[in-house]
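Welcome! Please take a look at the structure below, and then let us walk through some of its residues and helices together.

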Amino acid sequence: MNKKPFYRVLYIQVIFAILLGIALGYFFPNIGLSCKPLGDGFIKIVKMIIAPVIFLTVVIGIAGMSDMKKVGSVVVKSMVYFFVFSTFALIIGLLIGNIVRPGEGLILHSTNMQLNDVAIYVKQAQQSSIVDFFMNIIPDTALSPMVNGNILQILFISIIFGISVSSIGEKGKPLLEFLQNLAIPVFKMIDILMRLAPIGAFGAMAFTINRYGIGSMENLIVLIVTFYLTSLFFTVGILGIVAKYNGFSIFKLMNYIKSEILLVLGTSFSEAALPLLMEKMERAGCQKSVVGLVIPIGYSFNLSGTNIYMTLCALFVAQISQVHLSLSQQLTLLFVAVLSSKGAAGVTGAGFVTLAATLSVIPTIPIGGMAFILGIDRIMSECRSVTNVIGNACASLVVARWEKALDVQEMNKAFKVIS
């Protein structure tokens with residue numbers, strides 16, 4: 001099979017676009033600022049196709065299963081996996097925050113504009129209780145999730161509809177065949193639209209560098225470096241062990257999904273990789289039914305990067321506010337973070353929203369501390385998103401192996417091919 005010329009490979013194009021965006025944003029700031037619509041436009045394109053991709057994948061996967069116990073098994077095993085490793089990520093963030101203490105010596109400073117912005121996030125956090133979260137799963141109408149793009153609601157409708165199609169037996173086969181045929185042009189549409197990824201990455205990176213500047217993080221460099229290294233440790237160390245135990249290499253997996261990683265890095269939007277990631281994991285030997293459940297659910301419940309960010313930044317805010325947190329207070333933060341990291345799933349700016357919800361349990365921490373982090377949240381979100389994507393790719397392979405739904409030969413073949 002003839003290989004594509006290097007300049008036609010997606011991840012090469014995205015790398016070049018990111019570097020070009022950085023250069024433009026730094027040397028021509030006015031032009032860089034005007035590139036923001038390119039990044040925003042690409043993100044809107046991705047949001048446009050997420051709903052039909054999840055719906056078709058989940059319904060086809062479930063409807064194609066003759067044993068509904070397998071559906072329940074996949075969901076239960078996925079949720080157990082997500083709970084264990086998301087909690088582990090929270091604990092690691094808390095431990096590193098206590099060891100490195102990145103907030104020590106930094107001076108708390110915020111502007112009125114930042115405080116107003118933080119107030120918005122705090123209000124969102126207050127509205128993101130666990131009860132509201134579960135109520136939010138149920139859509140107003142059967143079609144509204146397709147309009148508002150709420151992943152949890154799309155999953156809710158898709159799972160119920162898939163089970164319904166499967167339960168009617170032979171009568172459901174014509175509908176299943178129709179959906180299978182419909183999926184072909186939908187995924188072809190994804191292939192066409194994803195060719196715009198370099199343009200989106202270029203616009204988003206040019207704006208980011210213009211907005212925040214390469215040297216804009218002088219006072220917060222310790223926090224940023226600590227967060228990036230902690231996320232790297234979690235990915236390579238913790239997930240690396242999990243991957244090895246389940247018969248694959250985390251490095252080979254990261255190389256296999258490098259296009260998706262770079263796309264997320266460029267756009268700072270983890271959902272940008274969702275359609276391609278689902279397709280990639282199927283090509284890596286995971287059954288469609290497993291991928292269709294694990295990855296969409298993981299985008300709401302398996303946010304390891306966000307969890308590390310939450311506990312690490314919670315301690316950072318306390319440190320710069322000169323608020324000493326006792327062991328019991330830190331354990332309370334950890335407990336609330338376990339809940340709030342699920343309660344704010346699907347909320348725009350979820351990382352900052354969940355941080356606000358977590359810090360609200362310690363009234364002695366001033367709101368100004370959150371404003372201090374708000375300025376670098378965009379820089380932190382890139383690492384959060386990349387860690388989340390790698391974690392969900394790893395989860396799909398692990399759960400597929402547990403379910404004996406992983407073709408190891410196909411996985412090894414896929415990992416050897418440059419994608």
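## A tour of the interior

Thr57 is buried, with a relative accessible area of 1%; buried means under 20% relative accessible area, exposed over 50%, and partly exposed in between, using a 1.4 Å probe and protein chains only. Before going further, please note that this is a predicted model, in which local features need pLDDT of at least 70 and side-chain atom pairs count only at pLDDT 80 or more, while totals for chains, interfaces and linings use all residues. Residues are numbered from 1 along each chain as its sequence is written, and side-chain values use heavy atoms, leaving out hydrogens and water.

Where does Thr57 sit? Its place is helix α3, residues 36-63; helices (H or I, at least four residues) are DSSP runs, numbered from the N terminus. Setting aside residues up to four places away in sequence, Thr57 touches Phe187, Met278, Glu282, Lys288 and Gly292, where contact means heavy atoms within 4.5 Å. Thr57 and Gly162 are 105 residues apart in sequence, and their C-alpha atoms lie 9.7 Å apart in space.

One of the partners of Thr57, Met278, is also among the buried residues of α14, together with Leu274, Pro275, Leu276, Leu277, Lys280 and Met281. Helix α14 spans residues 274-283 and is mostly covered, as seven of its 10 residues are buried. After α14 comes Gly285, with a positive phi near 100°.

Here are some buried residues side by side:

| Residue | Relative accessible area |
|---|---|
| Leu312 | 0% |
| Cys313 | 0% |
| Asn392 | 1% |
| Cys286 | 4% |

Let us follow Leu312 to a pair of helices. Leu312 lies in helix α16, residues 304-320. Beyond its neighbours within four places in sequence, Leu312 is in contact with Gly93, Ile96, Gly97, Pro102, Leu223, Thr226 and Phe227. From Leu312 to Leu223 there are 89 residues in sequence, but 8.5 Å in space, C-alpha to C-alpha.

How do α11 and α16 pack? Helix α11 (residues 221-245) meets α16 at an angle of about 145°, with the axes 10 Å apart; axes are lines fitted to C-alpha atoms, for helices over the stretch in contact, and angles run from 0 to 180 degrees between N-to-C directions. On the α11 side the contact is made by Leu223, Thr226, Phe227, Thr230, Ser231 and Phe234, and on the α16 side by Ser304, Gly305, Ile308, Tyr309, Leu312, Cys313 and Phe316.

Now for the nonpolar core, a set of buried Ala, Val, Leu, Ile, Met, Phe, Trp, Tyr and Cys residues joined through side-chain atoms within 4.5 Å. The largest one has 110 residues, of which Tyr81, Phe248, Leu253, Ile257, Met281, Cys394 and Leu397 touch the most other members. Helix α3 gives the most to this core, with 15 residues. A second, separate core of six residues includes Val14, Ile18, Ile209 and Leu262. Tyr81 touches Leu239, Val242, Asn302, Cys394, Ala395, Val398 and Trp402, not counting residues up to four places away in sequence.

Asn302 also turns up beside Asn392, whose contacts are Ile295, Gly298, Tyr299 and Asn302 once neighbours within four places in sequence are left aside. Asn392 belongs to helix α20, residues 377-402.

How many disulfides are there? A search of the whole structure finds zero, a disulfide being a pair of cysteine sulfur atoms within 2.5 Å.

Methods: Helices (H or I, at least four residues) and strands (E, at least two) are DSSP runs, numbered from the N terminus.
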